[in-house]
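Below is a short briefing on selected features of one model.

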Amino acid sequence: MSTAQQSSASRNAESVDPSPMSAAIGLAMAGAIGFALTGCGSSGGGDAPPSAPEEPLGPAISVQSVTILATTDSATALSITGTDDASGRNASSPNGTSHQTSFALGSQLPSDPGRTGRALHLGFDLDDGDSPHHLDCIINPPHDQVVDSDPVRFKARRHLVERSGLGASWDEIEAAMGVSHAEAVDALLAGLRQTHHQGAPYFLGEPILSWRERGRLSQQARDDLQDNINDWSRDLRRWWHQEMLLTPSPLTERLVLFWHGVWTSSLSGTPYPHLMYVQNQTLRQWGTVNFAELARRLPKDPAMILYLDSDSNVKGRPNENFARELLELFSLGEGQDYDEADIPEIARCFTGYGLDDHFNYRFKTSDHDDGEKTVFGQTGHFTGDDVIEMVLAKRRCAEYICEQLFDEFISGPRDNTLIGDMTDLLHPSYDLVPVLRMLFTSNAFTNTAGYGTRMKSPVELVIGTFRRVELDWSYDDSPWTILWRTGSCDQDIFYPPNVRGWPRGTDWVDAKNFLTRRKQAKHLGWYLENRLPPHLADGLQDLLLSINPVGSIDTRSLKFHYRTLLLDPAYQVN
């Protein structure tokens, strides 16, 4: 049998040396499953070097049947016998050269183990009356077999999935292994979302009262409303945790978290969490597509206006908070391509950018200074909108954003050549997808020397731990209690520490914080170790660690193996 080919629905395959008979095996599927082939040599079987896996299907799939198509050099009858089908059967076209038959799982063959089940080995004997041939099919091949099929490719795809997302599950890695690196990057970018995956938070339908309306309530009603607001704020954080956990596009939520740490705002001082939800969705809608559109909207975002006191920025009494952060942290970088004198002038441009009584954006004409201002050497009756366009026109703005993206996804010193190329691509359109493609396909990103050199953020550490085990989490208190552990590691979402946002890289870790992170890893291990699907036992270290472990790993059982891997310092990096 010359080749053992797989259908395009499979993840991992092995081929064999040519011989007078060839067979193709197809799987009738309703979902994604691992799949490997061996055997079919002229001597009745054999080993062969693995071939690259073909295109995978999505994650909710089951195998319904196996179809074998065999081709012979001359017309002959062919009998095909499958596992648990000892009587055998004649294939179609008994006097031809093309022979096909199907076996149903659950009747002629064992039942599909499901995507999280153990490997299912199926054997098929093909007999043309001259010499027997054997074909082995593995559904859900052991993960270590997937790794061993192409270790270099596996590590490269794991690195891509891990660095660009929130942890790396077997499904995500194997899907990326099925295509080239560039195609895997394209798939990640094609999957970017501008809306959240789950439904909106339940409390959005609750009315937002003005301070005056709240003042008319009884004391008990005001207390009850504040209790509700506290609950809604807590549940908004749970909601985003769940979005990170369940999203089919982890890169989307990484970008939302990234922008949350660049253009920062906080639930602290925000009278209603509705406002932070709106900002969160703005980051998702435009922070995955176009920075210019994001920059045009955030100065008018109610949560941003409250966070930086823009509502008190009025004609005759300018407040410089937003103007300063716009230049130093949001667009150019401290001291880069502007003069200190630009800041008070820009503050004047943004006067009148305020809120109505129900915390909606409102441009207040009476509060706006419509006099002449001089900004970046230009003089005119500028508004804040004009300033944003002037900032976007600067190449330095695009360069600053590319520097931030580099620091987010790549560790180590900045590659100024790459950042320059990214800047040329970003400016002046500010389309983000081509820039992300350049970043993820660059040598700086793919270089194996960079594996395991970047410290995970607490969100990546905790959410990634949950996503790897591929469990279907329901919205209840048990997993979400664990997710609060991100706050204990100093990344409490919707509460950035200051206007500079979250740390990056090694800034996440000091002597005290490292012990806290290790403690949280221990608690995560205790919580998850009894819920682990059996299929994770194979290749567990390859799944969890980007680099070799620092300490000794206990492999006596899946539970101990998992726990010691989580506690190893190598688990803290990607």
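C349 is buried, at a relative accessible area of 0%, where buried means under 20% relative accessible area, exposed over 50% and partly exposed in between (1.4 Å probe, protein chains only). The model is predicted: local features need pLDDT of at least 70, side-chain atom pairs count only at pLDDT 80 or more, and totals for chains, interfaces and linings use all residues. Residues are numbered from 1 along each chain as its sequence is written, and side-chain values use heavy atoms, leaving out hydrogens and water.

**Cysteines**
- C137 is buried, with a relative accessible area of 0%.
- The structure has zero disulfides, a disulfide being a pair of cysteine sulfur atoms within 2.5 Å.

**Helices α4 and α16**
- Helix α4 spans residues 181–190 and helix α16 spans residues 432–440; helices (H or I, at least four residues) are DSSP runs, numbered from the N terminus.
- Their axes are 10 Å apart, at an angle of about 145 degrees; axes are lines fitted to C-alpha atoms over the stretch in contact, and angles run from 0 to 180 degrees between N-to-C directions.
- On the α4 side, H181, V185, D186 and L189 meet V433, L436, R437 and F440 of α16, contact meaning heavy atoms within 4.5 Å.
- By class, this contact of α4 with α16 comprises five nonpolar, one polar and two charged residues; Ala, Val, Leu, Ile, Met, Phe, Trp, Tyr, Cys and Pro count as nonpolar, Asp, Glu, Lys and Arg as charged, and the others, Gly among them, as polar.

**T282**
- T282 sits in helix α8, residues 274–286, and counts as buried at 14% relative accessibility.
- Leaving aside residues up to four places away in sequence, T282 touches G287, L294, R297 and L298.

Definitions and conventions:
Helices (H or I, at least four residues) and strands (E, at least two) are DSSP runs, numbered from the N terminus.
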